[in-house]
Amino acid sequence: MLIFFVQAISFEILGGNILITFFASLIILVIGYFTYGKFVEKVFGVDNTRKTPAITNRDNVDYVPMKKQNNAMIQLLNIAGTGPIFGPIMGALFGPVAFIWIVVGSIFAGGVHDYLTGMISIRNKGAHIPELAGKFLGKFSKHIVNVFSLLLLLLVGTVFATTSGSLLHVLLEGKMTLWVILSIIFLYFFLSTILPIDKIIGRIYPVLGAILVIGTIAVGVTLFTSGNGANIPELTLENMHPDNLPIFPILFLTITCGALSGFHATQSPIISRTVEKESEGRYIFYGMMITEAAIAMIWAAASMSLFYGENLNELINSGTPSAVVNEVSITLLGAIGGTIAILSVIVLPITSGDTAFRAARSIIADYFKFKQSKILNRLIIAVPLLGISIMLTQVDFDLLWRYFSWANQTTAALALWIATMYLLIKGKKYWITLIPALFITDMVLVYILNAKIGFNLPINLSHIGGIILTLIFTLWFFKKGKENKANNIQTDL
């Protein structure tokens, strides 16, 4: 509603309400960080007198104290794979309604999800999401979340290797074969998975982050200075329901990393092991989610402005959204500037794929209580993981992306339920996670009931089934909450 209000009062001043839609959305994101983000931080209750896992569990491999700005940049590059670019590009097919989901989703769902996942992990010795699920939802949930997390991380690593490889292949105009490019990427993934976090990731991420920021800002600024921003379709009540594209649930599983993403729940615990003070959490976790949402806004806007409708659909179907990235970058910035922008996009999947495998290694190690201080122990886990991912690169990209999207949002739902239980047990305002948990749980259930990769039921029947199953799970959840309270479950270690 605020977007429509800003449009109404500013249309005559700036000569077009589409520019206002975009800039109003960015302003709302910033306001959300300083208001709702602060509120969520207050609900959680930070305590700088508590020593963080980076200090108490320091092993100079995964638990290493690092500066706030370094942690924030690593967190941003960890969570911002091709999701906030490829997702919004495909989400642009829905039109300007995509902006609403990015803004509302990141402030009230994604930011809350990322912040509480990271902070609850800090309070529990840097525990990953399966460990937290076991503690707050029960042992059976631990096994379920462990499977979902590992499946998601494998798909993430594979998808991000494929997308970054395809982008480089396009950039090099086919002069280097895709398999050579993928081999180099997987070699980097291997090294970043087994080496201490401050040896590669901690050193090169600031440089990669600078490339990302420069490229993204260049695309955003040129989009509007070139006049292409005026081509974005007007946000109206009429085009909030695009033809042949059911918003519920497809939009919410198409644009994930730019609004709400379960992949982030697997990444935040990595940084929870390197944070020095709890008060840094809002900037690192919530703030970087808002930053990622801004990146998603820019790419969704660029896609709508240049290739809206059938042209965008044809370009996406010509290969992967890599084609759109290439066309947008070159069209707006020319050969040299476009190359820099494409490189900034390539940075994202590579710097999320590496930590995806690192997180998978840590989750497996924690599950089997297999210490990772020795490099041989890291190799025993890392080599099979990367081998499976290499084999998965042979699977059709569209199929991989659909499974990734569903597994991603299912993991997000589970993470939000874990956070809700944490707040419920502590007697805090658990509705801040309960509302988004209910919503995304219903969406993933409707999707899997309706999708061809699922049960292929009619959409109306799928919606009914989604509501019923969500209600059943919610009743079980509150019953479990009463049991946890009666058993005096210790929320913080």
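Guide: A salt bridge is a side-chain nitrogen of Lys or Arg within 4 Å of a carboxyl oxygen of Asp or Glu. The model is a predicted one, in which local features need pLDDT of at least 70 and side-chain atom pairs count only at pLDDT 80 or more, while totals for chains, interfaces and linings use all residues. Residues are numbered from 1 along each chain as its sequence is written, and side-chain values use heavy atoms, with hydrogens and water left out.

Visitor: Why is the pair formed by Asp492 and Arg123 called a salt bridge?

Guide: The closest N and O atoms of Asp492 and Arg123 are 3.0 Å apart, and since that value lies within 4 Å, the pair qualifies. Asp492 belongs to the segment after α20 and Arg123 to the loop between α7 and α8 (129–137), so the bridge ties together parts that are 369 residues apart in sequence. Both residues also take part in a network of salt bridges that links Arg50, Arg123, Glu278, Lys426 and Asp492, and the structure holds 11 salt bridges.

Visitor: How do you know whether Asp492 is buried or exposed?

Guide: The classes rest on relative accessible area (buried under 20%, exposed over 50%, partly exposed in between, with a 1.4 Å probe and protein chains only). Asp492 has 13% and is therefore buried, and Arg123, with 5%, is likewise buried. In the protein as a whole, buried residues make up 61% of the 493 residues.

Visitor: Why are Lys38 and Glu41 said to be separated by about one helical turn?

Guide: Lys38 and Glu41 are 3 residues apart in helix α3, which means about one turn between them. An α-helix has 3.6 residues a turn, so residues three or four places apart point the same way. The closest N and O atoms of Lys38 and Glu41 are 3.3 Å apart, which gives a salt bridge; Lys38 counts as partly exposed at 44%, whereas Glu41 is buried at 8%. Lys479 counts as exposed at 51%, while Glu483 is partly exposed at 33%.

Visitor: What makes the joining of Lys142 and Glu131 a polar contact?

Guide: The side chains of Lys142 and Glu131 are joined at 3.2 Å, and a polar contact is a pair of N or O atoms within 3.5 Å (within protein, one must be able to donate a hydrogen and the other to accept it, and residues adjacent in sequence count only if both atoms are side-chain atoms). Lys142 is found in helix α9 (residues 139–171) and is buried, with a relative accessible area of 18%. Leaving aside neighbours within four places in sequence, Lys142 is in contact (heavy atoms within 4.5 Å) with Pro130, Glu131, Ala133, Gly134 and Tyr367.

Visitor: Why is the aromatic pair of Phe44 and Tyr115 called edge-to-face?

Guide: Rings of Phe, Tyr and Trp (its six-membered ring) pair if their centres lie within 6.5 Å, with planes under 30 degrees apart counted as stacked, over 60 as edge-to-face and the rest as tilted. A search of the whole structure finds 26 aromatic pairs. Phe44 and Tyr115 stand 6.0 Å apart centre to centre with 85° between the planes, which places the pair in the edge-to-face class. The pair links distant parts of the chain, with Phe44 in helix α3 (residues 36–44) and Tyr115 in helix α7 (residues 97–122), 71 residues apart. Phe44 is buried, at 1%, and Tyr115 is buried, at 1%. Tyr367 and Phe368 form another edge-to-face pair, at 5.1 Å and 85°; Tyr367 is partly exposed at 26%, and Phe368 is exposed at 59%.

Definitions and conventions
Helices (H or I, at least four residues) and strands (E, at least two) are DSSP runs, numbered from the N terminus.
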